[in-house]
Amino acid sequence: MTRDDCLEADRRDPIAEQRQQFFLPDDVIYLDGNSLGALPRTTAGAVNRVIEQEWGAQLIRAWNDASWIDMPRRVGAKIARLIGALPHEVLCADSTSVNLFKVLATALRLQTERPQVSMRDRRVILSERSNFPTDLYIAQGLADWLGARYELRLAAFTEIAAAIDDSVAAVLLTHVNYLTGAKHALTPVTYRAQQAGALMIWDLAHSAGAVPVDLNAAHADFAVGCGYKYLNGGPGAPAFLYVADRHQKAIADLRFAQPLSGWMGHRAPFDFTSGYEPARDIDRYGVGTPSILALTALECGVDTVLATGMEAVRAKSVQLTELFMRLVEERCGGHGLHLVTPRDASYRGSQVCLAHEHAWPIMQALIARGVIGDFRAPDIARFGFGPLYTSHADIWDAVAALGAVMAAAAWQEERFRRRAAVT
């Protein structure tokens, strides 16, 4: 394998032209799309149009005349096409953490409404020990808020199926693990949870826009996900949530099944009544006034993925991750880097994670050479591949830089050891 081989792979790449749809600095190889996606070229113009032509010219009339009020549903319907959901099952709103609180609370409330379920026995929220911390924090906080009626139980990635029993009310998993890139089998795990009487909640933060997902084929119950990673929606972009149609119907008459009962979740918010009456569909998962500028940016990012198609995105993701792993083994051996990401593509997301006791300064030395990945405690260097804008030549050059850093022990420089606020 040579750099010329990588250039040839780029010439044959059927989605190579998508790279031109993004702003990418000439002196940077960007391998952090699993943390923040690149900026689509359409975003600035779209946001500017909303600012000047809608907010500026139409003022408050734009809520109707520019259909601002419909944006959470409209963008949600687009994301639905990427995750195997129906348009009315997905809403863009709030953050992943807030949305997780909503759907987990709903799942626990649904369990109490099942006549055959004894909540005295079914009091466990099951999650993965290495799940993204915000998911665990939200589960801990909700369990405490409910007065210790529930407990959070954690299991290793490989022990989830065995840990699901009739004490479990809800299973909460991230589809692609943030720390390792390992991917759960969506359908079998969902089936196992439901066979045991639990409800299944998926966090798609590291899946949506990078890995094919079919929630309805898996018969999933609930899901959440963020808009700023592979959906390229920008820093702090609105998140999304999915509630299966059958559960929307089941809670239609339960006034506070979704306990964050803000005005945008009301069946008629502009009636301004003093009593809360929830919408009887996905709209009840809205809370406060949506950020129109942020939704505009997110819609641009989602459109870049829809224009390419998930089959092509996934095919390139597999090629890039396999190339990276192969080159690291060939060119960086003997330096203590340990692959923690599964080699089998069917169990891997769109990232590769390497463990090393000095992962932080190694990553800082790489960034100083123009190769941007990130670090996750305690010892993981992460490389996330955005298939829409990452080339095969990028992979070659990135591994060459990594090899140079390791060979020269460049990471030992004092400037690379100082820990920043964001890692």
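Proline 278 touches Leu254, Arg255, Gly265, His266, Arg267 and Arg284, leaving out residues up to four places away in sequence, where contact means heavy atoms within 4.5 Å. The structure is a predicted model, in which local features need pLDDT of at least 70 and side-chain atom pairs count only at pLDDT 80 or more, while totals for chains, interfaces and linings use all residues. Residues are numbered from 1 along each chain as its sequence is written, and side-chain values use heavy atoms, with hydrogens and water left out.

**Proline 278**

- Proline 278 lies in the loop between α9 (245-250) and α10 (292-308); helices (H or I, at least four residues) and strands (E, at least two) are DSSP runs, numbered from the N terminus.
- With a relative accessibility of 7%, proline 278 counts as buried; the term buried means under 20% relative accessible area, exposed means over 50%, and partly exposed lies in between (1.4 Å probe, protein chains only).
- Between proline 278 and proline 235 there are 43 residues of sequence separation and a C-alpha to C-alpha distance of 31 Å.

**Overall architecture**

- The protein contains 13 helices and 15 strands.
- Its radius of gyration is 22 Å, close to the 22 Å given by the globule rule for 423 residues, so the protein is as compact as a globular protein of that length; the radius is taken over C-alpha atoms, and the rule is 2.2 Å times the number of residues to the power 0.38.
- The C-alpha trace spans about 65 × 55 × 40 Å along the principal axes of the protein.
- Of the contacts with a separation of 6 or more, 73% are between residues 24 or more positions apart.

**Surface and charge**

- Of the 423 residues in the protein, 56% are buried.
- The protein exposes about 17,700 Å², of which carbon and sulfur atoms supply 53%; accessible areas come from the Shrake-Rupley method with a 1.4 Å probe, and for residues only the protein chains shown count as cover.
- There are 42 positive and 47 negative side chains, and the centres of the two sets lie 3 Å apart.
- In this count Lys and Arg are positive and Asp and Glu negative, with His and the chain ends not counted; the place of a charge is NZ of Lys, CZ of Arg, CG of Asp or CD of Glu.

- Arginine 348 is located in the loop between β11 (338-339) and β12 (351-355), and arginine 348 is buried, with a relative accessible area of 0%.
- The side chain of arginine 348 reaches the backbone oxygen of proline 342 at 3.2 Å. A polar contact is a pair of N or O atoms within 3.5 Å; within protein, one must be able to donate a hydrogen and the other to accept it, and residues adjacent in sequence count only if both atoms are side-chain atoms.
- Apart from neighbours within four places in sequence, methionine 325 is in contact with Leu339, Pro342, Arg343, Arg348 and Val352.

- Alanine 46 lies in helix α2 (residues 41-58) and counts as buried at 12% relative accessibility.
- Alanine 46 and alanine 297 are 251 residues apart along the chain, yet their C-alpha atoms are separated by 7.2 Å.
- Alanine 46 is in contact with Thr296 and Cys300, leaving aside neighbours within four places in sequence.
- Glutamate 151 lies in strand β6 (residues 151-155) and is partly exposed at 33% relative accessibility.
- Leaving aside neighbours within four places in sequence, glutamate 151 is in contact with Arg123, Val124 and Ile125.
- Glutamate 151 and methionine 1 are 150 residues apart in sequence and 51 Å apart in space, C-alpha to C-alpha.

**Backbone geometry**

- Alanine 377 and proline 378 are joined by a cis peptide bond, with omega about 5 degrees; proline 378 is in the loop between β14 (374-376) and β15 (380-384).
- Serine 67, although not a glycine, has a positive phi of about 60 degrees. Serine 67 is found in the loop between α3 (62-65) and α4 (71-83) and is partly exposed, with a relative accessible area of 27%.
- Histidine 219 also is not a glycine and has a positive phi of about 60 degrees. Histidine 219 is placed in the loop between β8 (199-203) and β9 (222-225) and counts as partly exposed at 41% relative accessibility.
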